[in-house]
Amino acid sequence: MPTWNSRGLRGSTLEDMLNRTNEKYRESKLALVQKIPTPITPIEIDKDSRHITLAYFEQKSTVDYIGAVQGIPVCFDAKECAEDTFPLQNIHEHQVEFMRQWQQQDGIAFILISYTHRDLFYYMRFEEMYEFWNRAEAGGRKSVGWDELDPGYFLPEVAGILVPYLNMIQKDLESR
């Protein structure tokens, strides 16, 4: 069973940025998107700070965020990448299957990748991610190179919004 360790706070900056973005979208009545907590069973708790230092995941999680944007169901996972190559091992099979089923229900599923070394965010449409996933499953490349990304899906800067992904959802819908 996978374990969680307190030093594993990777991604917390991206998560904080997304939570603040989602709060802004909610306040503006543009979207209602929430972080889905991953259920854990604590194993060790630091007595002084009362923080969990070791835990087991109770079940496989689905994706990081679920909600609705102007009546359209959306789900997405947020990933950080410190290089120009995004390893597909960062996406789990159960997440791919959940997103596939979400899309079958006329929802929008995607991966938001923060390329931390470039200070850029990329909106990876489910269809694009699924092609890369299937390539890897068939024995091909198990990562996505920078040169394979669609330049039209990098998030533009928007004043007052930390991770402005709504325009990409619109673009995703228009491309269907």
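Predicted model: local features only at pLDDT ≥ 70, side-chain atom pairs only at ≥ 80, totals over all residues.
Leaving aside neighbours within four places in sequence, I found Tyr165 in contact with Leu18, Thr21, Asn22, Tyr25, Val33, Phe76, Phe110, Leu112, Tyr123 and Leu155.

I then looked up the largest nonpolar core, which has 46 residues. Tyr165 is among those with the most contacts inside this core, along with Leu18, Leu112, Tyr123, Met124, Met129 and Ile169. I noted that strand 8, residues 108-115, gives the most to this core, with 7 residues.

**Met168**

Next I went to Met168, which is found in helix 4, residues 166-174. I list Met168 as buried, because its relative accessibility is 7% and the cut-off for buried is under 20%. Not counting residues up to four places away in sequence, Met168 touches Tyr123, Gly152, Tyr153, Phe154, Leu155 and Pro156. For one of these, Pro156, I also looked up the C-alpha separation from Met168: the value is 9.3 Å, and the two residues are 12 apart along the chain.

**Helix 3**

I checked the length of helix 3, which covers residues 126-137. Helix 3 has 12 residues and reaches 16 Å from its first C-alpha to its last, close to the 16 Å expected at 1.5 Å a residue.

Which residues of helix 3 are buried? I have Phe126, Glu128, Met129, Phe132, Trp133 and Ala136 on that list. Seen down the axis of helix 3, these buried residues fall within an arc of 160°, so they line one face of the helix. As for what they pack against, I recorded helix 2 (93-104), strand 8, strand 9 and strand 10 (143-145). Just after helix 3, I noted a positive phi of about 95° at Gly139.

**Salt bridges**

My count of salt bridges comes to 8. I looked at several of them in turn.

Arg26 forms a salt bridge with Glu23, with the closest N and O atoms 2.4 Å apart. Both residues lie in helix 1 (residues 12-27), 3 residues apart, about one turn of the helix. I noted the general point that an α-helix has 3.6 residues a turn, so residues three or four places apart point the same way. Arg26 is partly exposed, with a relative accessible area of 40%, and Glu23 is also partly exposed, at 33%.

Asp77 forms a salt bridge with Lys79, and I have their closest N and O atoms at 2.8 Å. Are Asp77 and Lys79 buried or exposed? Both are buried.

Asp84 forms a salt bridge with Arg118, the closest N and O atoms being 2.7 Å apart. I placed Asp84 in the loop between strand 6 (72-81) and strand 7 (85-87), and Arg118 in the loop between strand 8 and strand 9 (120-125), so the pair ties together parts that are 34 residues apart in sequence. Asp84 is partly exposed, with a relative accessible area of 27%. Arg118 counts as partly exposed too, at 35% relative accessibility.

I also recorded a network of salt bridges that links Arg135, Arg141 and Glu148.

**Cysteines**

How many disulfides does the structure hold? I found 0. I looked up the burial of Cys75 and have it as buried, with a relative accessible area of 0%. Cys81 counts as buried as well, at 5% relative accessibility.

Definitions and conventions. Residues numbered from 1 in each chain as written. Heavy atoms only, no water. Core = buried A, V, L, I, M, F, W, Y, C linked by side-chain atoms within 4.5 Å. Buried < 20%, exposed > 50% of the residue type's maximum accessible area, 1.4 Å probe, protein only. Helix = DSSP H or I, 4+ residues; strand = E, 2+ residues; numbered from the N terminus. Contact = heavy atoms within 4.5 Å. Salt bridge = Lys/Arg side-chain N within 4 Å of Asp/Glu carboxyl O. Disulfide = S-S within 2.5 Å. Expected span 1.5 Å × (residues − 1). Arc of directions from axis to C-beta.
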